[in-house]
Structure formats: C-alpha cells, structure tokens
Amino acid sequence: MRPDVQDQIISIIAREAVLEPAEVHPDMTLDELGLDSLGLVEMIFAIEEAFNISVPFNANEPSQSDFDISSVGAIVRAVERMIAGPAPAAA
Amino acid sequence: MRRVVITGAGTVNALAQDVPGTFAAMAEGRCGIGTLNFPDVERLSVQIGAQVQGWQPEAHFERGKLAFYDLFTQFALVAAAQAMAQAGLPGAPGDPTRWGCVMGTAGGGNGTVNDAFRTVFAEGKNRVHPFTVPRLMNNAACSHISMGYGLQGPSFSVATACSSSNHAIGLAFQMIRAGMADGMLAGGSESMLNFGGLKAWEGLRVMSTDGCRPFSADRNGMVQGEGAGVFVLEDYDHARARGAEILAEINGFAMTSDAGDIVMPSPEGAARAIRGALNDAGLSPDQVGYINAHGTGTAANDRTEVAAIRQVFGPAADRVMVSSTKAMHGHCIGGTGAVELLACLLALREGVIAPTINHRADDPDCDLDVVPNVARQARVDAVLSNAFAFGGLNAVLALARV
C-alpha cells in the first residue's frame, strides 16, 4: 500500500466516522467504525473528490459493486487500483 | 360528514398523455422507461428515465402564456383540462369561492432553475429570462390551474417529496369533507428530468442504471419519471345533484411522520399511515382488494413497505394484491401519487389490477402477491394508495367503488 493514499483515505474515513485518524486501522470494517449508509455515500464522494476518480457504487447493492468496501484496507487497495488506471485489456 | 367523490381525471406521463392511454398501458404492462434525452445527459452516470415523449407545448398553449409555464406547469395544466372536461365543468360551478386547488410537487420549476443556472454559471451570461421566478415557484402549477378555472377558494402547493401528491389529494379531500369547500382540483406534477436535477439524484447512489424492478430480488434502485395527475374532487351530493359521473369515492386518508431518518424509511411510520387510512375509511384489511404500493425499487423502501403492510394487514396480507406501477411510469416524485391514483381508478372501475412489471425473481423479504408482470382481472371494492417520502413523511389514501 502507498502510505500517502492510505493516510489520506484514513483521514477521510475518520472524519466521516467522527474518530481520530489514529483510531482507524486497515483491518477495521465500516460497521466497526459505525458508518451508516449516508456516511458511506459521503465517504465515497470525498474519496472521489480527493483522488479525482469515479467510484462505481450503488447503495442498493453495496456488495455487488466492483469497489470492495469490506474493510478500510480493502478500500485503500481499491483506490490504488483506480489511481493506477484500468488493467490492460486482454488481447 | 360529507362524502367526497372523484368526477374527473387527467394525466400526462411517460406512458401516455391522457387517462385512457395510461389505463391501456397499465393493463398491457407497458414500460415507459427509456434512454433520456436532454443536454449534457452523456455526463450522467444514470441515463435512463421515464420521460414524456413527443411533448408539443404549442399544441396546448398560446405562445404568450407559454413563457410563464415551466414543464411541470404545462403537464399540470393539460391534466387539469382533461379532468375538468371529464367532469363536464368549464369552470368552478356555483360559488367560485367554494372551489380551490391543491397541487403537490417536489422540485417545482426545476427545469427553469436548471436553465437559469446554466445561463449564468456555464454560459457566463449576466441575465436570465424575466419570468424565471414565476416559472420556477412551487405554486406555479396550482396558481395557473386556479386562474384557468376561476377557483377562488383555498389553493396552495404541497411539497413533501415523494408524498406530495397524496398529501395534496388528501388535504383537498379533508377540506371538502369538513365543509370548507364544495369542490377541489387536486393532484401533483413533476419535471426534473434535466442535467442538474438528475445530477443531484445521482449523488445519493440509489438510482438504477438498467431498470426499475420493484419487489424483485434483483432490484437495484429507482428510476425517475415525470408527469402529472389532476383530479376533480367534489362533495358527493353536489356531484349527484348536477348529474356528474362518479369515478370513485375517496373515503379515507392518513398522514404520519417517522420522525426518524432523513432518507431511511421506517416500517412503523408507514404502518401507522396505512392503519390510519383504513380507520378513517372504516375499512378492515379484509375489505381491501388492492394496494398501489410506493414500491420504488430500492432495497430499503420495498422491504420496509412489505413489512408495514404485513404489520397492519396480518393474515389478510396474503390475500391483498399489491403492485408498484413505478416500473412502468417511473418515479414521478412529487407527481407520482397522482399518476398512481389512476391505477386505483383502473382497479375500481375496470376491474383491472395493474401489474408490477420487470419481476424476475421472488424476494423472501417481499413475499406478497405483487401481481408480477401481467395485469389481472379482479373485482375490488376498496383500495389503498401508499406514498412514503424522503424525510419520513407518509400519506396513504383509501378509495372505494361507488
């Protein structure tokens, strides 16, 4: 993981969860952080704005999304992949 | 207390630009949802909706007047004209101070706002059309209807998001029943299928990109529509005395507030509204043959609504037919209850229960008879129409065959 990306995301999540960044760890789930569905939507918006990316996410089917939100670390990895751009298409 | 009946109905929506066409589409289970068409639509992540097609304002209005009419007012005026024609009324009959108008809308002249903002922000111009304010105000449709028919009694607009129409119709019903008015035009209108309007909705991430599938296990969100429904409501004796054809009776209404969450619905608040409408109408659950559901197709609404119906109806929940017509005409937001009231009239008058189309898989959390995909013939004597708004404001109407 890139520490700068991770720090930035943790600070966004901490703000939404009304916690100190030091209290947010990569292995934590959003449930453990007490983020409700609106908090989640706001968090994704803040991530999109911070990294200038577009996150595919439908609140009706959060688990169907390509964007893995199962933990803080999963979110960091998903954002890193998006910043790196789409994987080269198979020939 | 006086009895209140419907003697005229009118509509413009994506299925048709009149009531007979809408009835036919609902009976066929036709879908009015398609690719949206307006400037900058390619910048939206959701590009489908139930847009009124082939709308020709010049066919309905003089150019001088059109300058004052946002699309939501145009839809409302055309629907009101149809309703008044069916009721056989050129204007308010008798004392015009005893007739009024209540219209629901959430966005009002949202398209006018979008155009004006585009002009000053995107195009960098420094002036907007001089009638921008009278076009965009929420009460514009109500005011133009009252002007058109000389309705001089209580008239106002109601904005309770997705419950606006049901609140409007319910309040008009209560005013006639209480003797405050002899007749009312009531309904709702909405038109926010424009770039700014839908961009705002996109942010909530509750919209589907591929279709509206209420109560289906694979539903993934709501789809926006637009349109209007307007009804002539009259005191029963007044309608009888002038020989009007009675389409149905409105015999119950209840409104409640969840006082809970700004977007998440509560089964308790919805259940209190359903129970309240039944009590107001003096109906038991066994007597209700059909419920027009709010049925938005979101994960949260449909599950909550089914729980609320089960809570109130008990064992009768397994016998009542429940459908969401939003899969056909989209979610017309502040106008949706008025468009959906047509499905109630279709059930009471023609014995046709409009289906919930796009049903692909049963959801154990939505295990009611949702009249999947195909309309059904059934005689029903009493029906309910549910509306549950963002902000937790619920409004349920009860109607009966006369």
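Figure 1. Of the 402 residues of chain B, 60% are counted as buried. The chain B secondary structure consists of 14 helices and 14 strands.

**Figure 1. Burial and overall form of chain B.** Of the 402 residues of chain B, 60% count as buried. The model shown here and in the following views is predicted. Chain B contains 14 helices and 14 strands. Its C-alpha trace extends over about 65 × 50 × 40 Å along the principal axes of chain B. The radius of gyration of chain B is 20 Å, which agrees with the value near 21 Å that a compact globule of 402 residues would have. Among contacts in chain B with a separation of 6 or more, 81% join residues 24 or more positions apart.

**Figure 2. The two domains of chain B.** Chain B is assigned domain 1, covering residues 4-241, and domain 2, covering residues 252-400. The centres of these two domains of chain B, taken over C-alpha atoms, are 21 Å apart.

**Figure 3. The side of domain 1 that touches domain 2 in chain B.** In chain B, 62 residues of domain 1 are in contact with 57 residues of domain 2. On the domain 1 side, the elements of chain B that give two or more residues are the strands β1 (4-13), β6 (183-190) and β7 (227-235) and the helices α1 (19-28) and α8 (164-177). Helix α8(B) supplies the largest share of this side, eight residues. By class, the side of domain 1 of chain B that touches domain 2 has 28 nonpolar, 28 polar and six charged residues.

Figure 4. The loop between β5 (155-158) and α8 of chain B holds Ala161(B). This residue is not a glycine, yet the phi of Ala161(B) is positive, near 45°. Ala161(B) has 20 other C-beta atoms within 10 Å and is therefore buried, since 20 or more are required for that class.

Figure 5. Although Ile333(B) is not a glycine, its phi is positive, at about 50°. With 31 other C-beta atoms within 10 Å, Ile333(B) is buried.

**Figure 6. The contact of chain A with chain B.** Eight residues from chain A and 10 residues from chain B make up this contact. The chain A side that touches chain B comprises five nonpolar residues, two polar residues and one charged residue.

Note on methods
Residues numbered from 1 in each chain as written. Chains lettered and ligands numbered in written order. Predicted model: local features only at pLDDT ≥ 70, side-chain atom pairs only at ≥ 80, totals over all residues. Contact = placed C-beta atoms within 7 Å. Nonpolar A, V, L, I, M, F, W, Y, C, P; charged D, E, K, R; others polar. Helix = DSSP H or I, 4+ residues; strand = E, 2+ residues; numbered from the N terminus. Rg over C-alpha atoms; globule rule 2.2 N^0.38 Å. Buried ≥ 20, exposed ≤ 12 C-beta atoms within 10 Å, placed from the backbone. Domains from an automatic or database assignment.
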